[in-house]
Amino acid sequence: MKAIIPAAGLGTRFLPGTKCTPKEMLPVLDKPVIQYVVEEALDPEEVDGVIIVTSPGKPELLSYFQPDRSLENLLRERGKAEYADAVANAGNMPVDFRYQYEPKGLGHAIRSAADAVAGENFLVLLGDYVVPNRDICNKMLSVSAEHGGASVIAVAACAPDEVSRYGVIAGDRVGSLEGCEDVADAEPGAVWRIGGLVEKPAPEAAPSNLYIVGRYLLSPLVMDLLADQQAGKGGEIQLTDAMARSLDREAMYAVVIDPLSGYDTGTPSGWMATNALMAATDPRFADAFWDAIDERGGLTR
């Protein structure tokens with residue numbers, strides 16, 4: 001199975017910083033955001049490769065995931081084997097690339113990798129959402145296996161007055177992850193069969209408060225439907241539109257996750273918060289991080 005990571009956007013909200021550095025290459029602690037997502041995608045044993053869909057104007061992504069023997073050798077000569085190993089790891093990951101030459105939306109980006117999927121189920125991981133525990137894809141794969149290889153997406157609960165910001169699912173609770181049989185319908189571990197997908201509904205018209213969080217396990221049918229998907233909201237080819245079309249022909253499920261299990265790095269504030277929160281809890285950095293904060297007089301809101 002392959003995992004697709006769309007990474008062709010301009011990173012407009014980070015300008016002027018992303019004029020020279022793709023937003024996917026912005027560091028979270030000691031690695032770029034995109035490496036966390038690639039590592040998560042490769043975590044399930046079913047996945048043997050990652051396809052990053054990028055634009056021609058982002059050569060830095062290709063360079064990062066290629067071996068750099070000169071740098072590795074230099075680091076080893078200087079006794080910095082740990083850094084050399086980190087560089088080698090990034091350069092040897094099973095990552096390939098496809099290009100989205102026009103900004104036509106998420107669905108168009110996913111379709112750009114159709115040749116790599118070859119009629120199989122595939123994962124989609126949005127490239128600005130970091131999941132340190134790498135557990136969401138395995139949960140989706142588990143639900144899919146229980147339902148004959150069906151498509152599964154990850155959803156999380158939001159406040160009812162926030163549904164207009166998201167794509168929201170309609171449907172019915174049909175089960176649970178193992179060990180989560182007693183959770184409520186909108187709590188982590190609940191499994192739903194999807195009856196519809198509603199983009200940014202008004203609170204009074206929302207069929208649920210469960211929104212899509214950027215992790216998908218999709219069937220070949222969804223990829224096929226993207227081939228003739230017409231432009232939708234914003235004049236772009238929307239992945240959710242093709243997913244909605246597939247519901248007439250095959251089942252699709254959703255697994256509820258904890259909304260705090262991942263970090264959204266897609267905005268400057270989210271990226272900064274991600275760095276701070278992860279630095280505060282990572283044993284490699286926590287002491288130095290808090291020392292640096294205390295040196296400046298601490299933090300108050």
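D248 is placed in the loop that runs between helix 9 (239-246) and strand 12 (252-256). The model described here is a predicted one. With a relative accessibility of 76%, D248 counts as exposed, because this value is over 50%. Although D248 and G195 are 53 residues apart in sequence, their C-alpha atoms are 9.3 Å apart in space.

### Overall architecture

The chain contains 11 helices and 13 strands. Its radius of gyration is 20 Å, close to the 19 Å given by the globule rule for 301 residues, so the chain is as compact as a globular protein of that length. Taken along the principal axes, the box filled by the C-alpha atoms is roughly 60 × 45 × 40 Å.

Of the 301 residues in the chain, 47% are buried. Among contacts with a separation of 6 or more, 74% are between residues 24 or more positions apart. The accessible surface of the chain is about 15,100 Å², and carbon and sulfur atoms contribute 50% of that area. As for charge, the chain carries 26 positive and 44 negative side chains. The centres of these two sets lie 6 Å apart.

### Domains

The domain assignment divides the chain into domain 1 (1-128) and domain 2 (133-258). Between the C-alpha centres of domain 1 and domain 2 the distance is 25 Å. The contact involves 27 residues from domain 1 and 23 residues from domain 2.

### Backbone geometry

Most residues other than glycine have a negative phi, and most peptide bonds are trans.

The peptide bond between L15 and P16 is cis, with omega about 5 degrees. P16 itself belongs to the loop between strand 1 (2-7) and strand 2 (27-28).

A118 is not a glycine, yet its phi is positive, at about 55 degrees. R134 lies in the loop between strand 7 (129-130) and helix 7 (136-146).

### Loop residues and their accessibility

| Residue | Relative accessibility | Class |
|---|---|---|
| D248 | 76% | exposed |
| A118 | 60% | exposed |
| R134 | 31% | partly exposed |
| K58 | 6% | buried |

K58 is located in the loop between strand 4 (49-54) and helix 2 (59-64). Because its relative accessibility of 6% is under 20%, K58 counts as buried. Which residues are in contact with K58, leaving aside its neighbours within four places in sequence? They are A7, A8, G9, P22 and E24.

### An enclosed helix

Helix 1 (residues 33-42) has nine of its 10 residues buried, so this helix is largely enclosed by the rest of the structure. Its buried residues are V33, I34, Q35, Y36, V37, V38, E39, E40 and A41. In general, an α-helix has 3.6 residues a turn, so residues three or four places apart point the same way. The buried set of helix 1 includes charged side chains, E39 and E40 being among them.

Methods:
Residues are numbered from 1 along each chain as its sequence is written. This is a predicted model: local features need pLDDT of at least 70, side-chain atom pairs count only at pLDDT 80 or more; totals for chains, interfaces and linings use all residues. Side-chain values use heavy atoms; hydrogens and water are left out. Helices (H or I, at least four residues) and strands (E, at least two) are DSSP runs, numbered from the N terminus. The radius of gyration is taken over C-alpha atoms; the globule rule is 2.2 Å times the number of residues to the power 0.38. Buried means under 20% relative accessible area, exposed over 50%, partly exposed in between (1.4 Å probe, protein chains only). Contact means heavy atoms within 4.5 Å. Accessible areas come from the Shrake-Rupley method with a 1.4 Å probe; for residues, only the protein chains shown count as cover. The place of a charge is taken as NZ of Lys, CZ of Arg, CG of Asp or CD of Glu. Domain bounds come from an automatic or database domain assignment.
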